[in-house]
Amino acid sequence: MLRNSLLYLSNQPRIFRFVRNNRMARGFANRFVAGETLDTAVSAVRKLNDAGMTVSLDLLGESVHNEAEARAAGKEYLAILDRIHAEKLDANVSVKLTAMGLDVSEELCVDVMQRILQRASEYRTFVRLDMESSAYTQKTLDLFEQRLFPAYRESVGVVLQSYLYRTSADVEHMNQIRARVRICKGAYKEPEGVAYPDKKDVDASYVRCMKLLMTKGNYPGIATHDERIIALAKEFARENRILPDKYEFQMLYGVRRDLQDQLIREGYRLRIYVPFGTQWYPYLMRRLAERPANIAFLTGNVVREMIGRRRH
Ligand code: FDA
């Protein structure tokens with residue numbers, strides 16, 4: 001119920017305008033978002049690299065509404081790739097196709113993405129296509145497989161979400177074509193017809209998909225903060241003699257930093273997904289929806305600030 005309400009609010013631009021002007025909300029966002037500019041993001045990447053973690057940089061932004069916006073977003077990604085290369089950062093990028101014009105026209109989106117992938121392949125780096133709501137799953141996978149993957153096999157990969165019924169089959173298919181997959185649980189509000197309503201089924205599906213990817217996939221990204229699943233992954237790797245350089249764990253910026261440090265100490269590969277930019281509101285609402293305790297953290301800070309203000 002609460003999760004659904006937060007996911008509903010994540011799509012309300014009027015509320016975003018209100019929240020963006022709220023100092024507490026911005027403060028809270030700083031925990032999950034590495035600032036609003038490329039400079040702030042780069043300094044976050046540097047710190048993570050120094051701590052032994054690699055990064056995937058995400059310029060926050062959801063669906064754009066016209067060609068000019070899509071091309072502008074594409075150019076920003078080229079600038080990010082240039083900066084990663086110039087500063088020798090250990091980072092790749094994550095991109096949402098709707099931010100690159102998918103809702104405007106498929107041809108536009110392909111054109112913008114090809115420019116990004118061309119630059120990424122020149123720099124021998126990698127572009128991950130984030131997965132959005134189930135309304136985009138088939139479109140994203142088709143565009144990936146038919147229009148982008150054939151020319152840029154080494155430079156592009158997809159995300160699959162274990163909450164969808166279809167995902168085991170998608171994992172098998174991606175393994176067959178040797179595409180690189182990030183497996184996550186899924187962060188959107190989905191109808192029961194397409195997604196498991198019960199968390200325990202989402203988790204069981206995650207473990208099935210993860211095992212398929214670890215045994216037959218191409219350098220999978222295991223994206224979760226679920227300690228039980230991470231322990232299972234380590235155990236599965238040991239039992240099946242899968243070396244730690246054959247896969248990587250992935251986590252979100254600011255989430256379970258204790259676990260992040262632990263994985264690095266134990267010698268595992270870990271990539272941190274680092275979002276930045278002015279459009280942080282829908283991303284922040286999805287993070288709140290995942291963990292109600294975050295709301296307590298947020299409201300606790302608001303109350304503390306109100307009390308502080310009264311005192312001063
Ligand atoms: P789960 O939700 O079961 O949480 C397990 C534990 O992790 C919690 O008990 C808590 O301790 C901690 N935790 C999880 N979320 C937290 C939060 N927001 N704040 C504080 N603690 C939290 N989704 C998607 O639909 N498309 C995508 O492309 C991506 N991409 C992506 C990349 C990476 C690197 C990650 C880690 C995740 C994504 N996701 C995503 C989000 C993903 O689908 C999922 O919503 C979150 O990762 C939360 O699920 P967990 O697997 O962490 O498990």
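Let's start with Arg 178: it counts as partly exposed because its relative accessibility is 39%. For the cut-offs, buried means under 20% relative accessible area, exposed means over 50%, and partly exposed is in between, with a 1.4 Å probe and protein chains only. Before I go on, this is a predicted model: local features need pLDDT of at least 70, side-chain atom pairs count only at pLDDT 80 or more, and totals for chains, interfaces and linings use all residues. Residues are numbered from 1 along each chain as its sequence is written, and side-chain values use heavy atoms, with hydrogens and water left out.

Back to Arg 178, which sits in the loop between α8 (167-176) and β5 (180-184). Helices (H or I, at least four residues) and strands (E, at least two) are DSSP runs, numbered from the N terminus. The phi of Arg 178 is near 65°, a positive value in a residue other than glycine. Arg 241 has a positive phi too, near 50°. You'll find Arg 241 in the loop between α10 (227-239) and β7, and at 78% relative accessibility it counts as exposed.

Who are the neighbours of β5? On one side, β4 (156-161) runs parallel to β5, joined by five bridges; strands count as paired if DSSP finds at least two bridges between them. Leu 160 has Ile 183 as its bridge partner there. β5 also pairs in the parallel sense with β6 (residues 221-223), over two bridges, and Arg 182 stands opposite Gly 221. The unit made by β4, α8 and β5 is a right-handed β-α-β, and so is the one made by β5, α9 (residues 199-216) and β6. Right-handed here means that, with the strands pointing away from the viewer, the path from the first strand over the helix to the second runs clockwise.

Next, β8 (residues 270-276), where seven of seven residues are buried. Leu 270, Ile 272, Val 274 and Phe 276 are on one side, with Arg 271, Tyr 273 and Pro 275 on the other. It pairs in the parallel sense with β1 (residues 54-59) over six bridges and with β7 (residues 248-252) over four.

On to cysteines. Cys 184 is buried, with a relative accessible area of 18%, and Cys 209 is buried at 0%.

Last stop, the ligand. There are 25 residues around it, and the closest are Gly 186, Lys 199, Thr 224, His 225 and Glu 290; a residue counts as near if one of its heavy atoms lies within 4 Å.
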